[in-house]
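These are my notebook entries on a structure I looked up residue by residue. I begin with the terms and then turn to the ligand, the cores and single positions.

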Amino acid sequence: MSETIQSLLHEERSFEPSAEFKAQANANDPAIYDEAYHNPTKWWEGWANQLDWFEKWHTAMEFDAPNAKWFLGGKLNAAYNCVDRHAEGDRANKPAIIFEGEPGDTKTLTYKEVKDQVSQIANALKSMGVQKGDRVCIYLPMVPELPMTMLACARIGAAHTVVFGGFSADSVRERANDASCKVIVTADGGWRRGNVVQLKKITDEALDMGCPTVESVLVLERTGEATGTVTYKQGRDFKWSETVTTQSTDCPCEPMDAEDLLFILYTSGSTGKPKGITHTTGGYLTGVYATSKLIFDLKEDDIHFCTADCGWITGHSYITYGPMANGATVLIYEGAPDTPDKDRFWRIIEKHRATILYTAPTAIRTFMKWGLEYPGRCDLSSLRLLGSVGEPINPEAWIWYHQNIGMGKCPVVDTWWQTETGAIMISPLPGITSTKPGSATHPFPGVRIKVLDEHGNGVDVAGPGATNTPKGGFLVMDHPWPSMTRGIFNDPERYEKTYWSRFPDSYFAGDGIKLDEDGYLWLLGRVDDIMLVAGHNISTMEVESALVDHPAVAEAAVIGKTHDVKGQAIAAFVILRAGYLPSDALTAEIKAHVGKKIGPVARPDDVYISAELPKTRSGKIMRRLLRDIAEGRALGDVSTLADSSVVASLKDRYEASEG
Ligand code: WT7
């Protein structure tokens with residue numbers, strides 16, 4: 001990264017944890033950083049010891065790159081740790097899951113009730129022939145039965161693969177086949193913006209295309225009559241009401257080896273077929289348990305509201321496994337944030353008195369665009385901690401979130417991690433870290449991060465307070481951590497090639513990163529998103545951050561387009577805030593603003609004002625598509641796009657303006 005750019009993302013503001021927060025925090029002693037840094041294995045063993053094991057491990061860790069194993073010889077069960085151990089004693093009648101459906105229906109399930117229902121689902125799966133070592137595909141809306149079915153699989157030692165309820169028949173088929181699933185668990189439908197998503201119908205389409213390993217389908221009746229016609233195939237399809245609710249509430253937890261597969265979760269890269277990212281039982285659970293406890297500062301009376309769907313890793317780690325291993329109360333919501341109105345999240349927080357909110361920058365920027373009227377209507381005083389995940393959070397959004405949702409009093413934790421890392425890797429600890437808006441701050445204790453240049457030279461990132469040499473480059477990890485993926489399901493070669501071939505014996509995350517002189521880490525997005533403009537490396541994210549810093553800009557996406565002279569030229573797609581109208585003068589002003597914030601080299605050549613941006617269902621901007629549009633190329637695969645019409649209209653507009 002060039003020198004000019006290194007100094008650009010300089011953020012002066014800093015927020016210290018309040019004395020009050022510090023005093024009650026689960027982690028408030030900075031000495032843990034040093035302790036974990038010098039003996040990470042011992043640190044992680046300390047956390048593993050807080051789980052319940054049927055048999056203790058004999059060896060803490062074995063590493064032969066790219067393969068790591070943790071807690072060898074240990075036996076445990078994830079459902080036992082997330083449910084059974086809380087279902088007796090003080091937590092038995094504590095709410096485990098508070099659910100709000102999109103139509104407004106609510107349900108609260110205690111740990112005791114969750115234990116009974118998980119056991120019934122587990123027995124139903126067994127009755128359908130599912131055994132230890134099998135795989136089950138879960139294609140459900142975001143209802144309590146989703147995390148409970150995950151836990152039911154874990155209970156009997158079957159691995160789950162959750163397919164997000166917004167995905168297509170083709171995605172279901174591809175994933176169920178790659179994982180050779182025996183059963184698909186689905187629903188008649190789920191609610192989204194007042195409409196029924198026809199999950200069973202889509203499942204039927206997937207099965208019609210061919211899922212040779214799938215023997216049975218279990219169907220939750222969620223939308224009932226509103227679904228319309230649902231067909232059940234005799235001998236293959238089973239209704240929840242007839243198959244689950246009739247089961248015994250007794251079902252033993254299968255003792256699993258620490259290294260036994262817990263789940264597979266598919267991530268769609270920008271090219272090639274989805275990768276089946278695997279996670280095993282002992283290490284994964286240790287990682288999500290520890291990070292939940294320290295980063296979200298989970299306490300007995302917290303209500304943890306993570307807005308992710310269990311179709312993503314965030315829902316796996318910070319709804320189902322991490323908080324529940326801690327015996328916490330999780331709040332889940334089925335539907336869209338603007339149904340029936342744009343205040344839905346805030347209404348939910350007010351109604352259920354949520355104390356922790358964990359959401360994504362793309363959502364935060366959408367809320368900024370909608371305006372203060374919506375959160376302003378609701379009482380958000382129950383909140384005590386805010387989290388962000390999914391992409392770099394630009395300082396403007398960070399400050400907005402802190403001021404308007406956290407009322408200036410809630411610590412903000414910007415958490416960097418990946419499906420592959422299983423648990424959060426870089427984040428503040430809310431009772432220790434002074435935060436800088438836009439920086440994910442420091443590696444979690446026990447996580448070793450390196451910043452390397454293209455030749456593999458670089459620095460080890462030490463904890464807060466340590467002397468660090470500022471450096472920009474690639475985010476790399478050369479020391480294993482318990483929750484790291486054990487590879488791509490059935491494809492060790494692809495795993496090695498994708499993650500372990502760039503630097504010797506090291507995991508390369510794919511992200512660019514900068515370490516500043518105070519030892520703070522700044523994520524710069526995927527390295528594929530770094531542009532080379534007239535010899536300068538400029539990250540799309542830096543330019544986007546400067547764009548949304550302009551008062552007229554609500555959201556921005558930046559790409560590098562081929563340029564004869566400069567190599568790449570910067571093109572920006574922006575959405576205006578309410579009250580601003582497109583004009584040549586405004587476009588010129590926005591360009592000048594970026595030039596002033598970052599430097600003339602980063603001034604976009606083109607700024608296109610657009611009504612929407614093409615995003616994947618998980619909220620990531622599809623830059624490849626914007627590049628295609630800006631360079632006038634044919635459109636590639638758009639099947640994972642949230643709203644494919646967006647692209648068409650963007651493309652039309654682009655062509656018209658070029659015309
Ligand atoms: C990629 C992983 C991990 C849960 C959600 C996404 C980006 C994620 C941050 C953050 C900057 C972030 C990275 C990463 N990312 N969180 N706090 N700051 N970038 O999981 O789909 O596996 O995506 O998301 O680029 O590599 P995922």
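This is a predicted model: local features need pLDDT of at least 70, side-chain atom pairs count only at pLDDT 80 or more; totals for chains, interfaces and linings use all residues.

I took helices (H or I, at least four residues) and strands (E, at least two) as DSSP runs, numbered from the N terminus. Residues are numbered from 1 along each chain as its sequence is written, and side-chain values use heavy atoms, with hydrogens and water left out.

**Entry 1: cis peptide bonds**

I looked up the loop between β17 (329-333) and α13 (344-352) and found Pro340 there. The bond from Thr339 to Pro340 is cis, its omega being near -5 degrees. I noted a cis bond from Ala65 to Pro66 as well, with omega near 5 degrees. Pro66 sits in the loop between β1 (59-64) and β2 (67-72).

**Entry 2: the ligand**

Which residues are closest to the ligand? I listed Asp414, Thr415, Thr419, Asp511 and Arg526 as the closest of the 16 residues that surround the ligand; a residue counts as near if one of its heavy atoms lies within 4 Å. I sorted this shell into six nonpolar, five polar and five charged residues. In that sorting Ala, Val, Leu, Ile, Met, Phe, Trp, Tyr, Cys and Pro are nonpolar, Asp, Glu, Lys and Arg are charged, and the others, Gly among them, are polar. At least two shell residues come from each of α12 (313-325), β20 (412-415) and β25 (521-526).

I then went through the polar contacts (pairs of N or O atoms within 3.5 Å; within protein, one must be able to donate a hydrogen and the other to accept it, and residues adjacent in sequence count only if both atoms are side-chain atoms). A polar backbone atom of Gly390 is 3.0 Å from a nitrogen atom of the ligand. An oxygen atom of the ligand lies 2.6 Å from a polar side-chain atom of Thr419. For Asp511, I recorded 2.8 Å between a side-chain N or O atom and an oxygen atom of the ligand. The ligand taken alone exposes 550 Å², and the protein buries 89% of that; accessible areas come from the Shrake-Rupley method with a 1.4 Å probe, and for residues only the protein chains shown count as cover.

**Entry 3: the nonpolar cores**

I defined a nonpolar core as a set of buried Ala, Val, Leu, Ile, Met, Phe, Trp, Tyr and Cys residues joined through side-chain atoms within 4.5 Å. Buried means under 20% relative accessible area, exposed over 50%, and partly exposed in between (1.4 Å probe, protein chains only). The largest core has 140 residues, and Leu125, Tyr321 and Ile426 have the most contacts inside it. Helix α7 (residues 145-156) gives the most to this core, namely eight residues. I found a second, separate core of 29 residues, with Phe305, Leu331, Leu386 and Ala397 among them.

**Entry 4: buried positions**

Contact here means heavy atoms within 4.5 Å. Beyond four places in sequence, Thr291 is in contact with Phe296, Tyr318, Ala423, Ile424 and Phe444.

Pro375, in helix α15 (residues 373-376), is also buried, at 4% relative accessible area. I found Pro375 in contact with Trp346, Leu380, Trp400 and Ile405, leaving aside neighbours within four places in sequence. The C-alpha atoms of Pro375 and Trp346 are 5.7 Å apart, although 29 residues separate the two along the chain.

**Entry 5: positive phi**

Asp297, which is not a glycine, has a positive phi near 55 degrees. I placed Asp297 in the loop between α11 and β16 (303-306), where Asp297 is buried at 1% relative accessible area. Thr441 has a positive phi of about 70 degrees and lies in the loop between β20 and β21 (450-452). Thr441 is buried too, at 0%.

**Entry 6: Gly194**

Gly194 is partly exposed, at 46% relative accessible area. Gly194 touches Glu102 and Thr339, not counting residues up to four places away in sequence.
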